[in-house]
Amino acid sequence: MFEALLLLFIKHFICDFPLQKYAWLYSNKGTYCHPGGIVHAGIHGLFTWLIFVYFGVEYAYAFALTDFLLHYHIDWAKMKLNNHLNLKPDNSEWFWILLGFDQLLHHLTYFGMVYFAFLYKA
């Protein structure tokens, strides 16, 4: 369980930062169903699926889909709120608080998925 959680955290960093360096992936995530947000969340779902398959988790696809859907909607809500309140890194500490809350929700998602994935695994 620990190893799966560790890999999910590493995956999260890679997908959320180095693999999201292009503006088309991040700049329109506040627009519902914009391709950039869908692709970004899809990358998260793909790597989550690979991690769960590696650990032999039954229904790895369901955890990947869960990650995709939750990641998409957490990011969408964060961007929507940032845009609505005009929060930017250089104009409000609330930008950073919201970013931290976004990251917390993603990590709580991983704790929940790992808990249920390994609940009945020997």
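## Phenylalanine 116 on helix H5

Let's start with phenylalanine 116, which sits in helix H5; helices here are DSSP runs (H or I, at least four residues), numbered from the N terminus. The model is a predicted one, in which local features need pLDDT of at least 70 and side-chain atom pairs count only at pLDDT 80 or more, while totals for chains, interfaces and linings use all residues. Residues are numbered from 1 along each chain as its sequence is written, and side-chain values use heavy atoms, with hydrogens and water left out.

Phenylalanine 116 counts as exposed because its relative accessibility is 56%. The scale is relative accessible area with a 1.4 Å probe and protein chains only: buried means under 20%, exposed over 50%, and partly exposed in between. The C-alpha atom of phenylalanine 116 is 9.3 Å from that of phenylalanine 63, although the two residues are 53 apart along the chain.

## The nonpolar core

In soluble globular proteins, nonpolar side chains tend to be buried together. Here the largest nonpolar core has 13 residues, where a core is a set of buried Ala, Val, Leu, Ile, Met, Phe, Trp, Tyr and Cys residues joined through side-chain atoms within 4.5 Å. The residues with the most contacts inside this core are Leu8, Phe52, Val57, Phe63, Val114, Ala117 and Phe118. Two or more core residues come from each of helix H1 (2-16), helix H3 (35-54), H4 and H5, and H5 gives the most, with five.

What does valine 57 touch, not counting residues up to four places away in sequence? Its partners are Phe52, Phe63, Ala117, Phe118 and Lys121, a contact being heavy atoms within 4.5 Å.

A search of the whole structure finds three salt bridges, each defined as a side-chain nitrogen of Lys or Arg within 4 Å of a carboxyl oxygen of Asp or Glu. One of them joins aspartate 67 and lysine 11, with the closest N and O atoms 2.9 Å apart. This pair links distant parts of the chain, aspartate 67 being in helix H4 and lysine 11 in helix H1, 56 residues apart. Aspartate 67 counts as buried because its relative accessibility is 2%, and lysine 11 counts as buried at 4%.

Aspartate 75 pairs with lysine 29, the closest N and O atoms being 3.0 Å apart. Aspartate 75 is in helix H4 and lysine 29 in the loop between helix H2 (23-26) and H3, 46 residues apart. Both residues are buried, with aspartate 75 at 3% relative accessibility. Leaving aside neighbours within four places in sequence, aspartate 75 is in contact with Lys29, His40, Asp102 and His106. Aspartate 102 in turn meets lysine 78 in a salt bridge at 3.9 Å, N to O. Aspartate 102 lies in helix H5 and lysine 78 in helix H4, so this pair ties together parts 24 residues apart in sequence. Both aspartate 102 and lysine 78 are buried.

## The largest pocket

Rolling a probe the size of a water molecule over the atoms shows where empty space is left. The largest pocket holds about 320 Å³ of space. A pocket is an open set of points, on a 1 Å grid over the protein atoms alone, where a 1.4 Å probe fits, with protein on both sides within 12 Å along at least five of seven lines; lining residues have an atom within 4 Å of a point. The volume is the space filled by probe spheres set on the points, which are joined across faces, edges and corners.

Of the 19 lining residues, the closest to the pocket centre are Tyr26, Lys78, Met79, Phe95 and Leu99. Helix H4 (60-85) and helix H5 (93-118) are the elements that give two or more residues to the lining. The lining divides into eight nonpolar, five polar and six charged residues; Ala, Val, Leu, Ile, Met, Phe, Trp, Tyr, Cys and Pro count as nonpolar, Asp, Glu, Lys and Arg as charged, and the others, Gly among them, as polar.
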